[in-house]
Amino acid sequence: MTQIIITRKIFDEAIALLDEAGLDYWHNEDDTPLSLPEMQVRVAEAESIISLLTDRIDAQVMNAAPHLKIIANVAVGYDNIDVAAATERGIIVTNTPGAMTECTADLAFVLILATARHIVAADAFMRAGKFEGWELFQPHLGVELVGKTLGIVGMGRIGTAVARRAALGFQMNVLYTASSPKPEAEQAFGVKHVSFSDLLRQSDFISVHTPLTPQTRHLFTIDEFRQMKPSAIFINTARGPIVKEADLVQALAQGLIAGAGLDVYEEEPIAHPGLAERPNVVMVPHIGSATTETRRRMAVMAAQNVVSVLSGKRPLNPVNRL
Ligand code: DGY
């Protein structure tokens, strides 16, 4: 019996932990997503699945896995897993909180700076041999960050790490929305808890750091973009479906906002038609956690959760209560 199904290739350090614990696993070395029928066959005897966010782990998978005890997602987000279905079946779901906090906050700032200073367009201009010398009215005049207002939607670990960079590193004013006020962040970085509509109206930059839930799906539609400043820049490193991407394209085309920096997309891996054509959009392919150190930490955390549960202990990072 194969105890653990590892749906894609993961780091050797994570595999080593399973080996040390004497656990038996099947590792999808092809590193291509398993189809539903393949997954159903693979999980038939499994006690654990180590999944990536490209795997849809829903009731159809769980029903094919009568011995399943834990689904360990190699991601902090777990919207690829039907957590309610897992809870009903007594299956623990774990994630990797903290592993990618700084890395994702860095990427949010990469996107803030790249959009504010037209870095991608300027790089293309240079490579095309179009630079003919310094001009006062250079083609890529941007905006500076100091003194500007950053609105953070979701003040968890990553939102807080972005706030720290903004307030301490770039002397920005920081507003935030969250399910509850964060007095520690307010004290440490002078950030201010405001209503969502105040954040939309007052921010020069808005950066999204909230999980994808039924409540946050399409949190940003044309109505929200209409409330933003026409000079505002919208950044999303959280989850694509938080934004109605067709509306974002429309908002950019109509000049309702000035630009966008995107790491995530509503229908990954596809970006909505029209996005790529806009010069005021910087797009990267879901690389928020893409440093070797972070990805290794994520894989190791997932393996640690599996080892813990399969040796009869409590999971280290449960997302459901059983
Ligand atoms: C996560 O961990 O949820 C990230 O989106 C992976 O990059």
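The legends below describe close-up views of a predicted model.

**View 1. Helix H1 and the elements that its buried residues pack against.** Within helix H1, which spans residues 12-20, the buried residues include Ala14, Ile15 and Leu18. Seen down the axis of H1, the buried residues fall within an arc of 100 degrees, so they line one face of the helix. Asp12 and Glu20, by contrast, are exposed on the other side of H1. The partners of the buried residues of H1 are strand S1 (4-6), strand S2 (25-27), strand S3 (48-51) and helix H12 (292-310). After H1 comes glycine 22, which has a positive phi, near 70 degrees.

**View 2. The largest nonpolar core, with 29 residues.** Leu150, Ile152, Val162, Val191 and Phe205 are the residues that touch the most other members of this core. At least two core residues are supplied by each of helix H5 (101-116), S6, helix H7 (157-170), strand S7 (173-177), helix H8 (183-189) and strand S10 (233-236), and the largest share, eight residues, comes from H5. Another core, of 28 residues, lies apart from this one and has Ile206, Ile242, Leu248 and Val249 among its members.

**View 3. The contacts of phenylalanine 205.** When neighbours within four places in sequence are left aside, phenylalanine 205 is in contact with residues including Ile112, Ala116, Val143, Leu145, Met172 and Ile233.

**View 4. A nonpolar patch on the surface.** The patch is formed by Trp134, Leu136, Phe137 and Leu141, which together have about 570 Å² of accessible area. Phenylalanine 137 is located in the loop between helix H6 (119-127) and strand S6 (149-153), and phenylalanine 137 counts as exposed because its relative accessibility is 68%.

Key. Residues are numbered from 1 along each chain as its sequence is written. This is a predicted model: local features need pLDDT of at least 70, side-chain atom pairs count only at pLDDT 80 or more; totals for chains, interfaces and linings use all residues. Side-chain values use heavy atoms; hydrogens and water are left out. Patches are made of residues with over 30% relative accessible area and no salt bridge: like charges are joined within 9 Å, nonpolar side chains (Val, Leu, Ile, Met, Phe, Trp, Tyr) within 5 Å. Accessible areas come from the Shrake-Rupley method with a 1.4 Å probe; for residues, only the protein chains shown count as cover. A salt bridge is a side-chain nitrogen of Lys or Arg within 4 Å of a carboxyl oxygen of Asp or Glu. Helices (H or I, at least four residues) and strands (E, at least two) are DSSP runs, numbered from the N terminus. Buried means under 20% relative accessible area, exposed over 50%, partly exposed in between (1.4 Å probe, protein chains only). A nonpolar core is a set of buried Ala, Val, Leu, Ile, Met, Phe, Trp, Tyr and Cys residues joined through side-chain atoms within 4.5 Å. Contact means heavy atoms within 4.5 Å. The arc is that of the directions from the helix axis to the C-beta atoms.
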